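Subject: Structure for your attention

Dear colleague,

My notes on what was found in it follow directly after.

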Amino acid sequence: PVCTPARASIMTGLYPHQHGMTSNTGNLGCSVNELPDSPNLLSRKLESAGYRLGYTGKWHLGTEIRPWKKYEPALPKHFGFEGQNFDGHGDGGHGYEVYKKYLADNGWELKFKKNHCEIRRTMRYAVWDNPVESTVEHYLADHTISMLKKFQDSGSPFFLWHNFWGPHAPYFPTQEFYDIYADIEIPEWPNYKFDSTYGPCSVKRHPHQNSLNWTDWAEAIRHYYAFMNMTDYEIGRILDYLDCSGLAENTWVFFSADHGETLGSHGGLTDKGWHHFEEIQRIPLIIRPPKSLQDKFPPAGTVLKDWASLLDFYPTFLDVAGLRAENLPGTSLLPVLSGEKSIEDRDIFVEFFGVNNLAGTMLTCRHENFKYGWNCSQKDELYDLENDPCEIRNLIDDPEYAKIAKDMLERIDVFMAETCAPMRGMFRQTRLGEYKT
């Protein structure tokens, strides 16, 4: 649940410990700071099959600024993509010169109606004092629509990866979208009173949580919801173009995210990483098949119970293109969508290797309704999500769950063995103990 590792897993189809981009680029703990080029990358596979590749927005897989001289620079243009080449995080896109020029050319400037630099802020947020056309989100949607037009005119099959920065912080909705939520009461998260002063999650506890209250968080969440709504409006513009242009007849649409957000949950946590909770690990996945194929798939609005992973995108996209992906941990979702295959009973694994802290290495195993969290340097966690969906009660020391804990540890051990995880030796030495065979 961190930007760079998640994106690298989409490009490679591999777990972070396999592709090496184990933290955000430039952070301590990131084994590979620039995505290496390879014929096996998703973009290269699609390129070899005759696809034109387009890229919009956030990249976070490398930069042309090279403090690590042994690495080749890695931007979308270096991997076959046409389009934008933003090299870092860029403060939600607001820091890039091309966007600043876009504002200047249209007579706008970086301007806010609310102070977004409070000393004791919960998160960084403000109301954007310009029309929606001036936002980064609108700027990116315009770019994607222009690329769709270009690809359509060329007649070539295409793969276009559109990346918003939001709703990642900072949250800068325009007034019209903030007004939707301005007077709505935001109910307190069920796990808001969770004790976040211990365990690995304490790293992400808001430094002023003791002096904050739910009213402070609710205002940040209003901005977040408004920002999400504004982003959804821009997604609608892209989908409208696909419909009006006729491209929707033969275009798959996949909507997801690289990680979730905490927003004060579990005792005032911020950002992502450093814990095993659903807030950051359970992300959206919406798939819209081409209109010409919709009779082969469930009707719109159908919710499948199968568990999916970002690792499934690589084999799924290759499957759409008529290519095969072999010996990869993920699986194509097309047979799942069509009803030919079910993967409800699969285990899901989530890796986190810290951000500037190697002792933060963590691994989550989700099996049925149970979630086991291995914490390299601290006590492990076990949650029963059927009876405790908000993950408030850690059952790791509960003798009634000892057998389940043992089973989960063995599942993790098998996963590490099958994927050649370098942390397996440490895991076996410190966790298996009497379970070790």
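Helices in these notes are DSSP runs of H or I with at least four residues, numbered from the N terminus. By that numbering, H266 belongs to helix α8, which covers residues 265–268. Please bear in mind throughout that this is a predicted model.

**Backbone points**

H266 has a positive phi of about 45°, although this residue is not a glycine. P167 is placed in the loop between β3 and α6, the latter being residues 175–181. P170 also lies in the loop between β3 and α6.

**Strand β3 and residue L160**

Strand β3 itself comprises residues 158–163, and L160 is part of this strand. Once neighbours within four places in sequence are set aside, L160 is in contact with G54, T56, T144, M147, L148 and F151.

**Helix α5 and its partners**

Helix α5 spans residues 136–154, and helix α4 spans residues 97–105. Their axes come within 11 Å and cross at roughly 100°. Angles of 65 to 115 degrees count as roughly perpendicular, and α4 and α5 are therefore roughly perpendicular to each other. On the α4 side, the contact is made by V98, Y99 and Y102, while α5 supplies V136, H138, Y139 and D142. By class, the residues of this contact are five nonpolar, one polar and one charged.

How do the axes of α5 and helix α7 (residues 214–245) cross, and within what distance do they come? They come within 10 Å and cross at roughly 15°. Angles under 35 degrees count as roughly parallel, so α5 is roughly parallel to α7. The crossing of α5 with α7 is right-handed. From α5, the residues that meet α7 are E137, H138, A141, D142, T144, I145, L148, K149 and Q152. Their counterparts in α7 are F227, M230, T231, E234, R237, I238, Y241, L242 and S245. The contact of α5 with α7 has eight nonpolar, five polar and five charged residues.

**Helices α12 and α13**

Helix α12 (residues 402–418) and helix α13 (residues 424–432) have axes that come within 10 Å and cross at roughly 165°. Angles over 145 degrees count as roughly antiparallel, and α12 and α13 are therefore roughly antiparallel to each other. The crossing of these two helices, α12 and α13, is left-handed. L409, I412, D413, M416 and A417 represent α12 in the contact, and they meet R424, F427, R428, R431 and L432 of α13. Sorted by class, this contact of α12 with α13 holds six nonpolar and four charged residues, with no polar residue.

**The second largest pocket**

The second largest pocket holds about 1,400 Å³ of space. Its lining has 50 residues, and those closest to the centre of the pocket are I283, L285, W307, A308 and S309. Which elements give two or more residues to this lining? They are α1 (3–12), α9 (278–281), β5 (286–288), α11 (334–338) and β6 (348–353). Strand β6 gives the most, with six residues. By class, the residues of the lining comprise 32 nonpolar, eight polar and ten charged.

Yours sincerely,

A colleague

Note on methods. Residues are numbered from 1 along each chain as its sequence is written. This is a predicted model: local features need pLDDT of at least 70, side-chain atom pairs count only at pLDDT 80 or more; totals for chains, interfaces and linings use all residues. Side-chain values use heavy atoms; hydrogens and water are left out. Axes are lines fitted to C-alpha atoms, for helices over the stretch in contact, and angles run from 0 to 180 degrees between N-to-C directions. A crossing is left-handed if the near helix is turned anticlockwise from the far one by less than a right angle, and right-handed if clockwise. Contact means heavy atoms within 4.5 Å. Ala, Val, Leu, Ile, Met, Phe, Trp, Tyr, Cys and Pro count as nonpolar, Asp, Glu, Lys and Arg as charged, and the others, Gly among them, as polar. On a 1 Å grid over the protein atoms alone, a cavity is a set of points where a 1.4 Å probe fits but cannot get out, and a pocket is an open set with protein on both sides within 12 Å along at least five of seven lines; lining residues have an atom within 4 Å of a point. Grid points are joined across faces, edges and corners, and a volume is the space filled by probe spheres set on the points.
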